[in-house]
Amino acid sequence: MRVGKTYTRHFDLETRQHELLGVDLGEGTPRRALVLGLILYAVWSGALLLLFGLPNRFSFTAYFLPPLVIVIYGTQPSRKVDRRWNIAYWAIGIRYAVLGHRPIICGGRRAATRSEWISRRARWGTRADALIEAPGGGALERWLGTEDTNPVGAGAPLRLAARPRLYGPDAVVRARGRRSRKHMEAQA
């Protein structure tokens, strides 16, 4: 048996920014992380400026620290797939928890109806029950959905009663003989 190895991770070269507006950045900052940080700072600070105005010396931390933490931890390689950043896993997880995903039915030949999607309550599991039981959580019950085991579009579970059969060599020879005779007759 042959075993292959992937060496492409060793050839992953990232571009680095060594100078920014005349300031030496030393060894350099990865450009993708720098661009992500600039975008996060612009969006976060812009939203806070519109909501609360200019920061004072106490609220400056709220303007500065959250995007910095997200960029530092989010741009590290993931432990599961080292080619993917942590922020990608966070975004996929949040999207699944809030929106879910469209199920693939028959290899994509048929679009799933909304009743065939996994409900928000089923996706959140025990956390949904804890939210509902918390004070004021009754209002969330409608948003989380009901706890139904069978969606509307699905029927009862199928019970399979498979019985294995063991065929001996004589049965295999008979089956092969029948097939080969039919094959010979079809060719003639």
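Asn86 is buried, at a relative accessible area of 18% (buried is under 20%, exposed over 50% and partly exposed in between, using a 1.4 Å probe and protein chains only). This is a predicted model, where local features need pLDDT of at least 70, side-chain atom pairs count only at pLDDT 80 or more, and totals for chains, interfaces and linings use all residues. Residues are numbered from 1 along each chain as its sequence is written, and side-chain values use heavy atoms, with hydrogens and water left out.

**Asn86 and helix H3**

- Asn86 has its place in helix H3 (helices are DSSP runs of H or I with at least four residues, strands are runs of E with at least two, and both are numbered from the N terminus).
- A polar atom of the Asn86 side chain lies 3.1 Å from the backbone oxygen of Tyr73.
- Setting aside neighbours within four places in sequence, Asn86 is in contact with Tyr73, Gly74, Gln76, Pro77 and Ser78 (contact means heavy atoms within 4.5 Å).
- H3 covers residues 86-98, and its 13 residues should span 18 Å at 1.5 Å a residue; the end C-alpha atoms are 18 Å apart, so that agrees (the expected span is 1.5 Å times one less than the number of residues).
- Just after H3 comes Gly100, with a positive phi of about 80°.

**Aromatic rings**

- There are 2 aromatic pairs in the structure (rings of Phe, Tyr and Trp, the last by its six-membered ring, pair if their centres lie within 6.5 Å; planes under 30 degrees apart are stacked, over 60 edge-to-face, and the rest tilted).
- Phe60 and Phe64 count as stacked because their ring centres are 5.6 Å apart and their planes sit at 10°.
- Both of these Phe residues belong to helix H2 (residues 60-74), 4 residues apart, or about one turn of the helix.
- Phe60 is partly exposed at 45% relative accessible area, and Phe64 is partly exposed too, at 38%.
- Ring pairs tie Tyr41, Phe60 and Phe64 into a cluster.

**Charges over Tyr89**

- Arg84 puts its charged end over the ring of Tyr89, 5.3 Å from the centre (NZ of Lys or CZ of Arg must be within 6 Å of the ring centre and within 35 degrees of the ring normal).
- Lys80 also lies over the face of Tyr89, at 5.6 Å from the ring centre.

**The hairpin**

- Strands S1 (residues 16-20) and S2 (residues 23-30) pair in the antiparallel sense over 4 bridges (pairing takes at least two DSSP bridges between the strands).
- Leu20 has Val23 in S2 as its bridge partner.
- S1 and S2 make a hairpin with 2 residues between them, and Leu21 in the turn has a positive phi of about 55°.

Conventions:
A polar contact is a pair of N or O atoms within 3.5 Å; within protein, one must be able to donate a hydrogen and the other to accept it, and residues adjacent in sequence count only if both atoms are side-chain atoms.
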